[in-house]
Amino acid sequence: MQRLVYHSPVYDSQSIQAWEQRWFAQKNASLGLMQQAAWSIAQELNKQFLVQKIKHIAIWCGQGNNAGDGYYIAAFLKQQGFKVTVFATELGHSIDLQQAFNYAQSQQVDIQTIDYLLSEHEIGQELPIFDCHIDALFGIGLNRMLDQKWQNIIQLYNLQIGLKISIDIPSGLHANTGQALPCAIRADQTFTLLGYKAGLFTGQGKEYVGQLHLASLIPVDSELQSIAYLSPKKVVLPKRQAFGHKGSYGHVLVIGGHADMGGAVIMSAEAAFHAGAGKVSVICHAKHHQAILARSPNIMVRDINALEQKEIEQLLKQIDAVCFGMGLGRDEWAELIYLKWFECLNRHSHLQVALDADGLWFLAKHPQQLNAHVYATPHSGEAATLLGCTATEIEQDRIAAIYQLRQKYSGQWVLKGAGSLILENELFICTQGNAGMGTGGMGDVLAGMIASLKAQFDEQVALHEIVSLHAQAGDLLAEKGVRGLQAHEMGKMIYHVVNQAL
């Protein structure tokens with residue numbers, strides 16, 4: 001049984017199912033794989049349960065092969081001395097499932113029907129106390145909205161006290177998108193089989209999965225293709241040379257700061273400095289200069305209204321990376337600033353450009369192809385604007401959405417949110433970060449970090465590694481709680497993670 005390993009491949013359900021079928025075509029028995037999966041999980045649970053003093057276990061079984069795993073787990077746990085009750089639906093048509101059911105019966109496992117359960121216990125009412133509930137209702141093939149009966153079953157399960165464990169994927173969760181259909185089991189632990197599925201990590205998946213274990217079971221074959229990789233937890237940045245100076249570590253330019261919005265450029269600029277940039281300049285409305293210098297006197301400032309096109313071109317020759325769009329606004333003035341600057345930024349191939357916030361708004365209004373060194377970082381609402389749909393549609397399939405963004409605009413992309421997606425040459429999923437980071441300014445901080453680390457290291461640091469460092473900084477900030485995190489407090493945490501990454 002494997003713990004979560006970063007840089008591991010991630011698959012969709014169709015690839016996993018095809019892999020299984022190729023295994024069976026080589027004359028490996030499907031029933032044998034079911035027994036192997038159940039035995040592997042039961043052995044791991046036996047160790048846990050002995051430590052946690054768990055004695056009475058309820059296993060909830062549906063109609064597919066996932067239920068077969070549940071019946072065998074019930075039988076194996078019963079053999080190991082635990083008191084086991086199975087709550088079962090009517091059996092499906094699988095011969096393997098029937099054999100698993102028969103084996104559980106032969107071990108004198110107590111089997112009750114879920115229909116009886118629903119008739120005896122209304123939603124909102126607890127069952128008799130069990131120390132642990134194991135979910136074997138649905139596997140990775142579920143791709144439809146659950147009807148009211150199944151919603152009632154899942155709601156009843158979620159109301160129970162005790163440890164909650166899901167087999168393969170929490171029932172009700174879409175294996176590819178991480179969306180609840182429309183509700184799902186909330187597990188403390190999930191034992192996923194064969195390989196990691198994308199829905200365990202992105203979308204709503206983090207809300208339901210709990211601690212994740214992998215039972216790999218069969219060898220990977222040459223036809224199995226991943227759809228993504230888990231972004232690494234350990235990031236290694238190049239060491240600084242002893243003879244370096246401020247000019248050695250990149251000059252970052254932050255452009256934005258409408259007259260009514262000065263905070264965003266400050267957070268981006270400070271994040272750039274905390275991530276190690278040698279120099280940082282802010283070009284914004286002049287009314288914010290005093291506040292910027294009072295807070296961070298090491299930041300250089302220029303008036304965004306005072307620069308002519310020739311001066312812009314000259315300035316960009318001295319810059320290594322830019323973050324553009326923070327607090328820019330969306331009025332006529334902001335649109336003129338966007339048009340004045342962005343074509344220059346996109347044309348200068350030496351520049352690394354983090355495009356966020358109102359910069360993305362105007363990209364949607366004035367679509368163009370981005371060069372390979374533009375890193376666009378929308379959340380689902382901004383992605384919806386860019387693709388002309390709703391945020392709900394983006395969240396229904398985040399992986400499809402990020403590919404649509406690249407197809408339409410080129411460039412490199414981060415689709416922010418729980419399980420942020422990063423599309424460079426390959427797709428990565430960031431598994432770090434926390435709910436407290438859903439607060440104003442966190443995106444500005446990320447943009448500043450991208451510009452800073454790209455200015456310093458260019459291709460020596462990947463976009464997904466920067467997203468991981470940002471998430472790690474957020475996790476450090478949340479060590480005492482996720483409620484009430486402030487983006488402007490990220491600086492010391494960024495300083496910590498970039499120095500740990502040496």
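Let's start with the largest pocket. This is a predicted model, and in it that pocket holds about 680 Å³ of space. Its lining counts 31 residues. Nearest the centre you find Lys-416, Gly-417, Met-437, Gly-438 and Met-442. Helix 16 supplies the largest share, four residues.

Domain 1 (13-223) and domain 2 (251-498) each give at least three residues to the lining of the largest pocket.

Next, the second largest pocket. About 590 Å³ of space lies there. It has 27 lining residues, and Glu-20, Asn-65, Asn-66, Asp-69 and Asp-168 sit nearest its centre. Helix 1 (13-25), helix 2 (30-52) and helix 3 (65-79) each contribute two or more residues to the lining. The largest share, five residues, is from helix 1. By type, the lining of the second largest pocket divides into 13 nonpolar, nine polar and five charged.

On to the interior. A general point: in soluble globular proteins, nonpolar side chains tend to be buried together. Here, the largest nonpolar core has 105 residues. Which of them have the most contacts inside it? They are Phe-49, Tyr-71, Leu-77, Ile-134, Phe-324, Trp-341 and Leu-345. Helix 2 gives this core its largest share, nine residues. And where does the core lie? Domain 1 (13-223) and domain 2 (251-498) both give residues to it, so the core lies between them.

Zoom in on Leu-77. Leaving out residues up to four places away in sequence, Leu-77 touches Ala-42, Leu-45, Phe-49, Ile-57, Phe-82, Val-84 and Ile-134. There is also a second, separate core. That one has 55 residues, including Val-254, Ala-447, Met-490 and Val-497.

You'll find His-470 in helix 17. Is His-470 buried or exposed? Its relative accessible area is 8%, and buried means under 20%, so His-470 is buried. What does His-470 touch? Again setting aside residues up to four places away in sequence, its partners are Met-437, Met-442, Val-445, Leu-446, Met-449 and Met-490. Take Leu-446 from that list. His-470 and Leu-446 are 24 residues apart along the chain, yet their C-alpha atoms are separated by 6.2 Å. Met-490, for its part, belongs to the second core.

Last, the overall layout. The protein is divided into domain 1 (13-223) and domain 2 (251-498). Their centres, taken over C-alpha atoms, are 42 Å apart. How many residues meet across the two domains? Eight residues of domain 1 are in contact with 12 residues of domain 2.

In secondary structure, the protein has 18 helices and 19 strands. Along the principal axes, its C-alpha atoms fill a box of roughly 85 × 45 × 40 Å. The protein has 502 residues, and 57% of them count as buried. One more number, on contacts between residues at least 6 apart in sequence: 73% of these join residues at least 24 apart.

That's the tour. Over to you.

Conventions
Residues are numbered from 1 along each chain as its sequence is written. This is a predicted model: local features need pLDDT of at least 70, side-chain atom pairs count only at pLDDT 80 or more; totals for chains, interfaces and linings use all residues. Side-chain values use heavy atoms; hydrogens and water are left out. On a 1 Å grid over the protein atoms alone, a cavity is a set of points where a 1.4 Å probe fits but cannot get out, and a pocket is an open set with protein on both sides within 12 Å along at least five of seven lines; lining residues have an atom within 4 Å of a point. Grid points are joined across faces, edges and corners, and a volume is the space filled by probe spheres set on the points. Domain bounds come from an automatic or database domain assignment. Ala, Val, Leu, Ile, Met, Phe, Trp, Tyr, Cys and Pro count as nonpolar, Asp, Glu, Lys and Arg as charged, and the others, Gly among them, as polar. A nonpolar core is a set of buried Ala, Val, Leu, Ile, Met, Phe, Trp, Tyr and Cys residues joined through side-chain atoms within 4.5 Å. Buried means under 20% relative accessible area, exposed over 50%, partly exposed in between (1.4 Å probe, protein chains only). Contact means heavy atoms within 4.5 Å.
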